[in-house]
Amino acid sequence: SAKKTYIVHMKRHMKPPSYRTHADWYSQHLASVASAEEDALLYAYDAAYPGFAAAMSPEEVDSLRRSDSVFGVYEDTVYSLHTTRTPQFLGLDLELGPLAGVNIEGLNRASQDVIIGVLDTGVWPESKSFNDANMAEVPARWRGGCEATADFNPKIHCNKKLIGARFFSKGYEVADGPTETPSPRDNDGHGTHTSSTAAGSLVSNASLLGYASGNARGMATHARVATYRVCWKSGCLGSDILAAIDRAILDGVDVLSLSLGGGSAPYSRDTIGIGAFAAMERGIFVSCSAGNSGPARSSIANVAPWIMTVGAGTLDRDFPAFVSLGDGKKYKGVSLYGGKGMGNKLVELVYSPHGNSSSNLCLSGSLDPAAVRGKVVLCDRGVSARVEKGAVVREAGGVGMILANTAANGEELVADSHLIPAVAFGRKTGDVIREYAKTARRPTAVLSFGGTVLNVKPSPVVAAFSSRGPNTVTPQILKPDLIGPGVNILAAWSQALGPTGLAKDPRRTPFNIISGTSMSCPHISGLAALLKAAHPRWSPSAIKSALMTTAYTVDNTNAPLRDASDYSISTPFAHGAGHVDPHRALSPGLVYDASPADYVAFLCSLDYSDEMLQMIVSNATCSRKFADPGQLNYPSFSVVFGKSRVVRYTRELTNVDPRGGSVIYRASVEAPPELVAATVKPSILEFRNAGDKRRYTVTFVSRRQNVKPMKNAFGSVVWKNSEHQVKSPVAFSWERRP
């Protein structure tokens with residue numbers, strides 16, 4: 001039978017003393033399966049997971065499952081990527097002021113001791129974003145390194161900025177065969193973009209074909225970068241991801257950044273979640289993208305509470321482009337087209353020349369050159385990649401493209417560096433242009449391009465593609481945690497391909513502008529590195545709390561954050577605690593801390609048996625458990641009214657103001673008064689010293705017996721004094737009663 005990769009979960013405590021290491025035991029255990037070949041063992045995990053990955057036939061898997069030493073055997077999972085102005089937008093180019101008690105340069109010096117591990121498509125090491133000028137020696141505690149391959153020379157390509165470059169391809173090679181050269185080098189662009197966003201060095205005069213020109217830099221410009229290539233053309237295999245997390249833990253990273261994921265799964269079957277738990281236990285902050293499946297409800301990925309789950313918002317920067325129609329009307333869209341324009345002459349506009357759905361979507365082979373040559377083609381967004389549609393139009397002889405959203409994408413606009421003059425529009429404008437193209441006797445159009453515009457209002461806006469809650473794995477944990485910049489982000493790019501990523505794109509550019517929660521995740525990873533530098537003793541949970549409770553929920557017009565899908569007011573199911581604010585996060589006043597033991601008590605509250613628990617945490621038992629998973633000391637609340645109309649949660653706050661002396665905070669709670677009554681006791685907390693901990697209990701009472709299931713409402717719990725505001729979002733849901 002054909003062999004596939006499986007991850008084998010072993011009962012670590014059952015290792016006989018005769019074996020020197022667990023790896024020896026795993027190898028022998030696999031050899032005991034009759035026909036297993038010598039190279040069947042792909043990875044023997046150490047820090048991240050109690051077990052190994054192996055290439056096996058179904059018969060070998062059945063044989064292993066019968067072993068008393070084996071918890072379970074699981075087929076490998078395929079995960080996918082969640083594919084210059086950001087530091088200014090976040091205020092990172094400014095002095096941080098007296099409240100934070102540190103300026104950005106002091107923080108950058110401290111951040112040279114912080115190492116960010118990025119699991120992605122590898123790195124293009126020649127990029128100026130990985131320049132190590134004026135950087136101190138690599139921290140002595142670093143145990144990682146760079147792997148030599150035909151196209152990657154550690155002596156040349158690694159330095160004091162890029163201190164690690166490894167690749168993990170064994171799972172991918174079993175699934176797909178070795179169709180790519182195994183190497184840390186990035187032939188996709190995604191990994192170079194994410195790692196330079198997190199910690200790229202400052203590069204002046206950066207732009208994409210003249211767009212977004214200025215300084216490009218990462219969030220933590222002086223932090224170190226270690227890249228772990230786990231993604232290949234066919235995706236990112238769970239066995240390879242787990243091996244990379246395992247290695248990153250042993251290498252000594254401080255932050256892990258994963259701009260990838262799949263659907264949500266129970267924690268005991270969540271490869272990324274299990275690896276992230278092991279990292280968190282060792283003090284490593286783990287940041288993951290929320291996914292790009294929005295605005296669909298409950299589309300969120302990477303929901304484990306020990307992971308920072310990051311959604312995406314817009315910047316205050318735009319790339320306007322225009323269409324002028326033959327009826328005299330002009331409409332504004334977006335584009336990153338950087339070539340020769342169309343001039344001023346109107347040309348014929350065509351839409352779905354054959355009336356079939358593949359021609360209105362401009363799918364490959366659907367356009368008749370005789371019908372589109374020399375014309376502007378109107379294409380509906382969807383099914384194929386946006387830039388691919390432009391390539392199809394160009395191949396058929398079209399001179400321009402209008403890309404119009406349908407209901408699926410609403411008003412969300414994402415700019416692309418198309419191969420021909422092309423402009424993207426939201427659904428409403430798209431419908432107007434479609435109507436004109438269908439009804440005008442001889443429809444005509446001309447496209448024009450407006451460059452880069454700053455200080456756009458409103459911003460930020462939640463990206464329509466950003467995946468949404470509620471969390472289906474544990475509804476009592478609110479996800480996403482927060483949002484960061486993820487739309488039209490400029491960062492370093494691989495020279496192995498053009499800015500569209502298409503094989504037919506001959507252009508090469510050192511920077512590219514792309515969008516996705518893949519882009520927002522490394523922003524948070526880099527900011528976590530800055531917080532780690534400023535507060536080296538803080539736990540991952542404390543850093544997460546500081547980032548969440550200081551986030552903001554109003555845009556630059558002082559109005560509530562809006563949702564790009566329809567420009568309605570956004571909710572915590574889209575933006576979590578709000579948009580990250582690095583200044584305030586450096587000095588949050590109070591934090592909600594949680595230890596690994598607290599997360600174990602959380603898992604036990606889900607009625608996990610000791611055996612299920614040990615699939616996530618080795619050797620743990622349910623000696624303590626919460627009455628309700630929502631009792632976890634989390635910086636946000638998700639209140640689910642089920643059999644009871646009353647939900648009561650106790651939280652603990654820790655004073656992290658380093659100045660000492662007595663500080664007093666007062667509570668305020670917001671809830672929709674017609675639906676929920678909410679009270680906080682005590683409503684005043686006094687902290688006398690740094691490190692003091694105080695508890696409070698918040699009680700939520702549903703005022704109505706029968707609220708429609710699927711109904712949601714939102715509120716907040718805020719602790720405030722003259723210097724700090726510690727804000728937690730609250731989501732209310734009503735379950736259908738039996």
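Mentor: In this predicted model, Arg185 lies over the face of Trp124, at 4.6 Å from the ring centre. A second contact of this kind involves Lys330, whose charged end sits over the ring of Phe322, 4.8 Å from its centre.

Contacts between rings come next. A pair of aromatic rings is described by the distance of the centres and the angle of the planes. With ring centres required to lie within 6.5 Å, the count comes to 20 aromatic pairs. One of them joins Phe168 and Tyr228, which are stacked, at 6.4 Å centre to centre and with 25° between the planes. Phe168 belongs to the loop between strand 7 (162–167) and helix 7 (170–176), while Tyr228 is in strand 10 (residues 224–229), so the pair ties together parts that are 60 residues apart in sequence. Phe168 counts as buried because its relative accessibility is 9%, and Tyr228 is buried as well, with a relative accessible area of 1%.

The rings of Phe573 and Phe714 make an edge-to-face pair, because their planes stand at 85°, with the centres 5.2 Å apart. Here Phe573 lies in helix 17 (residues 572–575) and Phe714 in strand 36 (residues 712–720), so this pair ties together parts that are 141 residues apart in sequence. Phe573 is buried, at a relative accessible area of 6%, whereas Phe714 is partly exposed, at 26%.

To return to Phe168 and Tyr228, ring pairs link these two with Tyr43, Tyr45 and Tyr49 into a cluster.

Methods: Residues are numbered from 1 along each chain as its sequence is written. This is a predicted model: local features need pLDDT of at least 70, side-chain atom pairs count only at pLDDT 80 or more; totals for chains, interfaces and linings use all residues. Side-chain values use heavy atoms; hydrogens and water are left out. Rings of Phe, Tyr and Trp (its six-membered ring) pair if their centres lie within 6.5 Å; planes under 30 degrees apart count as stacked, over 60 as edge-to-face and the rest as tilted. Helices (H or I, at least four residues) and strands (E, at least two) are DSSP runs, numbered from the N terminus. Buried means under 20% relative accessible area, exposed over 50%, partly exposed in between (1.4 Å probe, protein chains only). A charge sits over a ring if NZ of Lys or CZ of Arg is within 6 Å of the ring centre and within 35 degrees of the ring normal.
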